[in-house]
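Here are my notes on the model you sent, as numbered points. Please read them with the structure open.

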Amino acid sequence: PGSGSWPGISLASRACQRGRNRRFCNGSAGAELKKGLGFTVGALIVFRFLSFGPLPGINPLMLKKFMDSSQGGILDFFNMFSGGALSRYSLITLGVMPYITASIVVQLAASLHPALAALKKEGESGRKKLNQYTRYGAVGLTIIQGFFVARNAVAQDFAVLTGPLFYTGIIISLVGGTMFLLWIGEQITSRGIGNGTSL
């Protein structure tokens, strides 16, 4: 304060001197931040476009009629969390919710199961292994939820087909959509501004 510098700047320079956050310490912090923001905005635009990609075998007119008749219910609540993807039965209808659920289950299991608790204490390698289990759990949950998404489409009569091929197409599309969103989240974390899955 006595030298006339801003407190935030002096704190940032001290953090750079200690070796923290080297990414923003080389004088091109503004350029790095702009690049990260640009990448993050681009990734979110891709997410928004994906929410308009329809699942195979869905009759859009019958779907619209069903969604209009169920306004104000629990479907509106879930639709809000999917960014409107549920109301369109898009490729990312489930969003990253299966991954979040699997993450919670793996964290609880790591605190209860001795083998997983030992993995948690191993450091970076253990964390990578737990992340791998979380991804496997997310795929499993997406398959289960995808089956019920397809079953709901058949039950509410906005599915064009009703056979095993329809169920398979829906499940594969939803697994692909959810895994693609997780990949985008990882890219935002590493190349964007961070917290990709949350964004």
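Predicted model: local features only at pLDDT ≥ 70, side-chain atom pairs only at ≥ 80, totals over all residues.

1. Largest pocket, size and centre. The largest pocket holds about 440 Å³ of space. Its lining is made up of 17 residues, and F78, L86, T93, L94 and V149 are the closest to the centre.

2. Largest pocket, lining. Four helices each give at least two residues to this lining: α3 (60-69), α4 (74-81), α6 (97-112) and α8 (124-155). By class, the lining has twelve nonpolar and five polar residues, and no charged ones.

3. Second largest pocket, size and centre. The space in the second largest pocket is about 330 Å³. It is lined by 20 residues, and those nearest its centre are F47, V96, L181, T197 and L199.

4. Second largest pocket, lining. Two or more lining residues come from each of α2 (29-50), α4, α6 and α9 (164-191). The largest share belongs to α9, with four residues. The lining of the second largest pocket divides into 13 nonpolar and seven polar residues, again with no charged residue.

5. α8 against α9, geometry. The axes of these two helices come within 8 Å and cross at roughly 135 degrees.

6. α8 against α9, residues. On the α8 side the contact is made by R135, A138, V139, T142, I143, G146, F147, V149, A150, R151, A153 and V154. They meet F166, Y167, I170, I171, L174, V175, T178, M179 and E186 of α9. The contact has 15 nonpolar, three polar and three charged residues. V149 in this contact is also listed among the residues closest to the centre of the largest pocket.

7. α7 against α8, geometry. Helix α7 (residues 114-121) packs on α8 at an angle of about 130 degrees, and the axes are 6 Å apart. That angle makes α7 oblique to α8.

8. α7 against α8, residues. L116, L119 and K120 of α7 touch G126, R127, K129, L130 and Y133 of α8. Sorted by class, the residues of this contact are four nonpolar, one polar and three charged.

9. α6 against α8, geometry. What is the handedness of the crossing where α6 passes α8? It is right-handed. The axes of α6 and α8 come within 8 Å and cross at roughly 130 degrees, and the two helices are therefore oblique to each other.

10. α6 against α8, residues. From α6, the contact takes P98, Y99, T101, A102, S103 and V106. Their partners in α8 are L130, Y133, T134, R135, G137, A138, L141, T142 and Q145. The classes here are eight nonpolar, six polar and one charged.

Terms used: Residues numbered from 1 in each chain as written. Heavy atoms only, no water. 1 Å grid on protein atoms, 1.4 Å probe; cavity = no way out; pocket = protein on both sides within 12 Å on 5 of 7 lines; lining within 4 Å. Points joined across faces, edges and corners; volume = space filled by probe spheres on them. Nonpolar A, V, L, I, M, F, W, Y, C, P; charged D, E, K, R; others polar. Axes fitted to C-alpha atoms, helices over the stretch in contact; angles between N-to-C directions. Contact = heavy atoms within 4.5 Å. Parallel < 35°, antiparallel > 145°, perpendicular 65-115°, else oblique. Left-handed = near helix turned anticlockwise from the far one by under 90°.
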